[in-house]
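Hi,

Here is the structure I promised to pass on. Have a look at it first, and then read on for what turned up.

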Amino acid sequence: MNPDRNRSIASPGVQATRRGALGLMAGGAGLLAASGAPAQDVATTGVDADTLACAQSLFSLDYTQSEREQMLAGIDAWLGRAEALRARERPNTLSPALVFDPRLPGRPYREQENRFTPAPHRASALPRDEADIAFAGLADLAAWMEAGLLSSERLTRIYLARIERHGAKLECFTAVFAERALSQARERDAERAAGQVRGPLHGLPYALKDIIDVEGLPATWGATPYRERIGEQTATAAFQLEAAGAVLLGKSTVGALAYGDIWYDGVTRNPFNTEEGSSGSSAGSASAAAAGLCAFSIGTETLGSIVSPSHRCGAAGLRPTFGRVSRAGAMALCWSLDKIGPITRYAEDAAPVLAALNGFDDADPSSLSHGLEIDLSAEVAGLRVGYDPAWFEDGAAPDLAALEAARALGVELVEISLEDHPYGALLIQLEAESAAAFEHLTLSDLDDQLRWQEAQAWPNTWRRARFASAVDLINADRLRRQVMEMMDRVFEDVDLIIGPNFAGAMLLITNYTGHPQLAFRSGFMDTPTRTIFGAPAGEDRTPHRTPYATSLWAPLFEEGRLIALGRAIEARLGAVSERPAEFE
């Protein structure tokens, strides 16, 4: 613990005074005055008008001396209520009473049935090289199993051997469950032999981000304070994948408490340049999928945690519509922003995984009941695809190539522009909600145990969040409603939007509005070794050939269009076939 950091809001003596002040209250703010006691007769915490004069600068306020003196009458009771609230135990599973819903009142959304139609597929001969098997798409793997050319047990052994050979270099797994996985694989093979195939994921081995629990298995959240933690109940997402026949290989690394690529025992690496981190926070999920250490993986996103590592590592990452996939049993970081979604090597592989994850769950207050129709053979020509020309001015070559590929596929490109709003003001919600979710770490000094301690890291963010204005927080939520209405108007005229992953604040905007995003590999760039935020790391500017992703966005619940067009553009560009040479 750091002895210089005082996390208490008052001394024991002042706390006793506070309890006396609380006794004067009849049940709410401002009721201190009902006691009839003049302000100067009420014992205070040591906060005086000068303290308030200093504090008001944090919020760009300018009260007069008399206004500050008048405010003192309620300060003691106000702080007393705060301390009483902090004293109550609040497990991470306890969500707020206010629940975010991305749907706008009175706005109809296309009803869908739960139906997944794969693209026509002809099974090829099983490759002799096990690396070719490991990097194959889900449709090929399923076809080889259906044809009796490949068993789940053999495929599981291939991935376990690759994890044994490459996992330490990439630092992408916190735990591997080899015997459990092989046992599951044998069960899936027996079921297939009996004609009991559960679906397109039957027998396919996957990696699960280590903030999603499986009963009895390690679930460390990537953070030192939780490195001995064991899951008590299987998360809905993990249960659904097991029901779909998938085989759990292990837990993939997560940047501590769902931020970054630094976890308690290392830094997860980009398979195309192992000198740099894989970005985060679904760091291990993207790294393992891109390096062929699993058939697919599961990530989560609050503000870029699927898209960013997929971009860095060359995977395809799908962030679904908010509320489509249950988060029950997963660590909560920000209740109004968290989502669970697939990370795969190919855009089309997201389809069967999302189909398995989709569904209403009353264990998640934010869960929505909405069908999912995906037809990978659907025609994409004629789709109206929005783009902002400003996003592509002096743009990266892969983004420009993706735009031209869309045009060549026969889509109608429609110019769009977003309204001018202070989008950065929305960030207060993430900072405040996450600070509340992990308040006990801040107030107990346990945040000092987290490895990443820079200004951008969680410990500093959560300390700063204690000084956020509640009024600003509510007004940010009102801005969020305006932004939701704006995006609804934009999507009235287009079927999809295409652009660079991080252009025009679209990553931030659509995380807050709940719209789905698909990041798919569109090419390669020569880049120096980078920090998590993309800046050159150190003085070495030696270029490395690294993958690059472009994104598509869709209206709420329209992931089917997203995957169909992403698959078509990806196939036309051809960049997805290149594998990281070090992990062949």
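To get you oriented, in which loop is A258 found? A258 is in the loop between strand 4 (247-252) and strand 5 (262-263). Keep in mind as you browse that this is a predicted model. The phi of A258 is near 65°, a positive value in a residue other than glycine. A258 also counts as buried, because its relative accessibility is 8% and the cut-off for buried is under 20%.

E171 is another non-glycine residue with a positive phi, in this case about 50°. You'll find E171 in the loop between helix 6 (152-170) and strand 2 (173-176).

While you're looking at the backbone, go to the peptide bond that runs from G280 to S281: this bond is cis, with omega near 5°. S281 sits in the loop that links strand 8 (273-277) and helix 9 (283-290).

Now for the core. The largest nonpolar core has 134 residues, and the members that touch the most others are L141, L241, L257, F296, I298, F438 and I497. Take F438 from that list: setting aside neighbours within four places in sequence, F438 is in contact with N92, W221, Y226, L257, M331, A332, L333 and W462. There is also a second, separate core of 8 residues, with F100, Y109, M484 and F557 among them. As general background, nonpolar side chains in soluble globular proteins tend to be buried together.

Next, the second largest pocket. About 990 Å³ of space lies in this pocket. Its lining is made up of 46 residues, and P91, N92, T93, W221 and A330 are the ones nearest the centre. Strand 9 (296-301), strand 11 (339-344), helix 14 (427-437) and helix 15 (439-444) are the elements that each give two or more residues to the lining. Helix 15 has the largest share, with 3 residues. What kinds of residue line this pocket? The lining divides into 20 nonpolar, 12 polar and 14 charged residues.

The buried residues in helix 19 are E559, G560, L562, I563, A564, L565, G566, A568, I569 and E570. Just after helix 19 comes G574, with a positive phi of about 80°.

Not counting residues up to four places away in sequence, Q56 touches L61, D62, Y63 and R68.

G216 belongs to the loop between strand 3 (205-209) and helix 8 (236-243). With a relative accessible area of 49%, G216 is partly exposed. The C-alpha atoms of G216 and I230 are 5.9 Å apart, although 14 residues separate them along the chain. Leaving out residues up to four places away in sequence, G216 touches I230 and G231.

Over to you!

Conventions. Residues numbered from 1 in each chain as written. Predicted model: local features only at pLDDT ≥ 70, side-chain atom pairs only at ≥ 80, totals over all residues. Heavy atoms only, no water. Core = buried A, V, L, I, M, F, W, Y, C linked by side-chain atoms within 4.5 Å. Buried < 20%, exposed > 50% of the residue type's maximum accessible area, 1.4 Å probe, protein only. Contact = heavy atoms within 4.5 Å. 1 Å grid on protein atoms, 1.4 Å probe; cavity = no way out; pocket = protein on both sides within 12 Å on 5 of 7 lines; lining within 4 Å. Points joined across faces, edges and corners; volume = space filled by probe spheres on them. Helix = DSSP H or I, 4+ residues; strand = E, 2+ residues; numbered from the N terminus. Nonpolar A, V, L, I, M, F, W, Y, C, P; charged D, E, K, R; others polar.
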